[in-house]
Amino acid sequence: MAKHNTPLLDELESGPWPSFVSDIKQEADVRAKNEKGIDFQIPSEACDDLLGLLELSYKDGTTHWKHGGIVGVFGYGGGIIGRYSDKPKEFPAVAAFHTIRVSQPGAKYYTTEFLRQLMDLWQLRGSGLTNMHGSTGDIVLLGTTTPQLEEIFYTLTHDMDQDLGGSGSNLRTPADCIGQSRCEYACYDTQEICYFLTMMYQDELHRPAFPYKFKFKFDGCPNCCVASIARSDLSFIGTWRDQIGIDQAEVAKYIDGTNPANAGAHKGRDWGAFDLDAEVLNLCPTECMKYEDGKLTINDKECTRCMHCINVMPKALKIGKQRGVSLLAGAKAPIVDGAQMGSLIVPFLEIDQTMNKQLADFESEEEWMEYLEEKYAGVVEVIESIWDYWMEEGKNRERLGELMIRQGLQKLLEKIGMEPQAVHVDHPRTNPYIFWKEDEVPGGWDRDINEYRKHHAR
Amino acid sequence: MAFISSGYNPEKPMEGRITDIGPKHYDQFYPEIIKKNKGKWSHHEILEPGILVHVAENGDEVFTVRCGGARLMSASHIQEICDIADKHCDGKLRFTTRNNIEFMTDSKDKMLALKADLAQRKFDGGSYKFPIGGTGAGITNIVHTQGWVHCHTPATDASGTVKATMDEVFSDFQDMRLPAKLRISMACCLNMCGAVHCSDIAILGYHRKPPILDHEYLDKVCEVPLAVAACPTAAIKPSKVELANGETVKSVAVKNERCMYCGNCYTMCPSMPLSDAEGDGIVLMAGGKVSNRISAPKFSKVVVAFLPNEMPRWPTMTHAIKKMIEEYAKGARKYERFGDWTDRIGWERFFDVCELDFTHHLIDDFRDAAYQSWRQTSQFKF
């Protein structure tokens, strides 16, 4: 028997899409029956009271969660977000209902053993409700009380070899796409670099010392499945600078209809026979492809690596072999001065394809990390010069992208030691208001007015 | 309940403390076939909606079944996911960036058994636990934020708007009839934890009333200069206010006509709440994308300035979304993303065919970038 009547929420149980209401009710029921005999460390009615509180919001159209509340675990400034209800008397089991961010594994692969252990912990010490996953990528454990925080952290670190994620003005938990683990388009090992930088910057992740949040995201190719270009202060997008591989026999199989276009993504409608001209050559943004005498050719020098032709014909066309990343900086959502897309700062940072040793090839994780420090030295240098600059010049709560707008792209390029190139802009400036540096102008700016007046009367 | 210690000793918090160990290493979590073929994948095919096969250079195949899930998930539900993965997938699984669950097997037969198992599981309320789909030129899961379930700044609910929308567009989750993939995202306030600003269709919660000032408490719980500095339009200034009891306190004053309801002040100062049943509601945006495919990534544009919160199923909102999707499906060319379609036909035509009103709210007047969005040519459509 439900503790609260929830007529509005009940209407969200019907329909085909998985109902979060049914799921919360399921957990409420598990806690009420408690067949496993768990000695719940927060009130057993947490899920019931959450439904009751949410029903109230559905009735009156506003939230009933209070602002913040500083809680955390000793020595960390992030990873836990305090949350208190503004109706503690009516819904006592969710009066305090803090969030815990748990650092997710690469590409969100799991063993059931790990998930079961985490869920056992969470049913014992929390509400049993989660987000799989939060927007940044963390596993989000939704709802516990202050006395449980250190206990949960202790079990995570001691029994599960698992740490918290980031929150506040620090490095947020980095996130990656599925990458080379199951995708033929990935131009670098997104899991490896994501893990490496996460481990390298644990201090920056747990102890807020930045002007504001900072996000890394790793997209293996320009398809951008983790949306790094839109939502990370430093976006890593895999790319290549040699030729797209072409298998002419497979091209022919697309033309004769043996191979499904775009890996079968359009099977739900009859679009007619595959038309290489209409579907590939004419959609190429640089018009750098030709099909003559049964042979497809690409003028790779003009290619901007948009992925369209490869997406349409994945069996016939392959990403190049000289691979690396493009780095784009400053993306963010609109708060406060409007949304920003990442801007290209490092066009190509090659990643050595011969350095492919794995953790298992080393005696210890430390040795592997040293190997990766060498492999990704160029990346680390860019990151640290950006952070030095931002920590020096950034105002409180100013994202990197906002600082870039305030001081100009060339300032950031200068700080990371990158020579400005035409690829850094969509088009050159449309005004001549150039801030010349004094040493760029012969003779400098110190001039003698008396000398000037010898040739120019007052 | 009796307190159970994890082993943590509050008297000596530093004793045996383990910190800065990060996440588990991904290697431990890969399915065997993934570990074996990492970096050696040749190509893939979507066999049917929600079912993918990836083929390695050596001919190995991994079959993936992708299922939708509410991102708000209970431990019991996750335990059921584990039961399924133990039964069919050697105890391994993954989640996608868009909150889908992916079960992987190394043979077609195992995949078929898995598919049959997943398809019959339903919640007591009747909804699917593991709907299969979300691939190719269709609609996949909606990424979203906390909403009224767990956040202090939302202007709407996240889980509810998403459930209502996914129910309406469910057939496109399990089909691939659209011209290109279509990504819907949801954020329950302008903070956009969900970063919805580059989505084909974005659902955004928005406030429309300036903060209410809790003068009696403001100076006690807030740093006035931080609240003042938080305002992007300089609408907030320090002030002195005389309370009903005659006491004069330090507080702030807000120039209401300058407020754009971003809530940045409330983030810095809990004595300036914005939420309001009549003021709060939904903004719809459209035409954004993050992929570099064919055209550059682009921001979504506001196409509906405001819709009231209509609990529990937001019918006006889902109707508008559905109409946009149908017109896109009808009008766009193969491979054309939503925003590329609107760019080709022109926004004036978009408002026409989608039967949406264009009002003054939709003309950008925020900062210098606004000017870039006004029409600066004599070319337009009647």
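**Exercise 1. Find the salt bridge between B:Lys38 and A:Asp189, and say where each partner sits.**

Keep in mind throughout that this is a predicted model. Start with the distance: the side chains of B:Lys38 and A:Asp189 form a salt bridge, with N and O 2.9 Å apart. B:Lys38 belongs to the loop between α1 (32-37) and β1 (41-48) of chain B, while A:Asp189 belongs to the loop between β6 (175-176) and α6 (190-200) of chain A, and the pair crosses between chains.

**Exercise 2. Work out whether B:Lys334 and A:Glu279 are buried or exposed, and which chains their salt bridge joins.**

First, the contact itself: the closest N and O atoms of B:Lys334 and A:Glu279 are 3.0 Å apart, and the two form a salt bridge. Now look at where they are. B:Lys334 is in the loop between α9 (315-331) and α10 (338-345) of chain B, and A:Glu279 is in helix α10 (residues 276-279) of chain A, so this bridge links two chains. For the burial part, the cut-off you need is under 20% relative accessible area. B:Lys334 has 15% relative accessibility, so it counts as buried. A:Glu279 has 6%, so it is buried too.

**Exercise 3. Compare that with A:Asp203 and A:Arg207: how accessible are they?**

Begin with the bridge: the side chains of A:Asp203 and A:Arg207 meet at 2.8 Å, N to O. A:Asp203 has a relative accessible area of 42%, so it is partly exposed. A:Arg207 comes in at 27%, so it is also partly exposed.

**Exercise 4. Describe how chain B and chain A meet.**

Count residues to begin with: 139 residues of chain B are in contact with 146 residues of chain A. Then turn to area. The size of an interface is often given as the accessible area lost when the parts come together. Here chain B and chain A bury about 12500 Å² between them, with 59% of it on carbon and sulfur atoms. Finish with the charged pairs: there are nine salt bridges between chain B and chain A. Another pair to look up is B:Glu45 with A:Lys267, whose closest N and O atoms are 2.9 Å apart in a salt bridge.

**Exercise 5. Which residues touch the most other members of the largest nonpolar core?**

This core has 105 residues, and the ones touching the most other members are A:Leu197, A:Phe216, A:Phe236, A:Ile345 and B:Phe103. Next, ask which element gives the most to the core: it is helix α13 (residues 377-393) of chain A, with eight residues. Domains come next, and the core takes at least three residues from each of domain 1 (7-159) and domain 2 (175-241 + 323-438) of chain A. Now zoom in on B:Phe103. Leaving out residues up to four places away in sequence, its contacts include B:Phe63, B:Val65, B:Ile81, B:Leu93 and B:Leu118. There's also a second, separate core of 67 residues, with B:Leu178, B:Tyr328, B:Ile345 and B:Leu362 among them.

**Exercise 6. Sketch chain A in numbers, then pick out A:Lys375 and A:Val423.**

Start with the whole chain. Chain A has 16 helices and 14 strands, and its C-alpha trace spans about 90 × 75 × 55 Å along the principal axes. Of its 458 residues, 59% count as buried. Chain A exposes about 19200 Å², and carbon and sulfur atoms supply 50% of that.

Now take A:Lys375, which is in helix α12 (residues 365-375) of chain A. Its relative accessibility is 13%, so it counts as buried. Not counting residues up to four places away in sequence, A:Lys375 touches A:Glu192, A:Ile351, A:Asp352 and A:Met355.

Finally, A:Val423 is in the loop between α15 (409-415) and α16 (449-455) of chain A. With a relative accessible area of 47%, A:Val423 is partly exposed. Setting aside neighbours within four places in sequence, A:Val423 is in contact with A:Leu344 and A:Pro347. A:Leu344 is 79 residues away from A:Val423 along the chain, yet their C-alpha atoms are separated by 7.9 Å.

Definitions and conventions: Residues numbered from 1 in each chain as written. Chains lettered and ligands numbered in written order. Predicted model: local features only at pLDDT ≥ 70, side-chain atom pairs only at ≥ 80, totals over all residues. Heavy atoms only, no water. Core = buried A, V, L, I, M, F, W, Y, C linked by side-chain atoms within 4.5 Å. Buried < 20%, exposed > 50% of the residue type's maximum accessible area, 1.4 Å probe, protein only. Helix = DSSP H or I, 4+ residues; strand = E, 2+ residues; numbered from the N terminus. Domains from an automatic or database assignment. Contact = heavy atoms within 4.5 Å. Salt bridge = Lys/Arg side-chain N within 4 Å of Asp/Glu carboxyl O. Areas by Shrake-Rupley, 256 points an atom, 1.4 Å probe, with all protein chains shown as cover. Buried area = accessible area lost by both parts, 1.4 Å probe.
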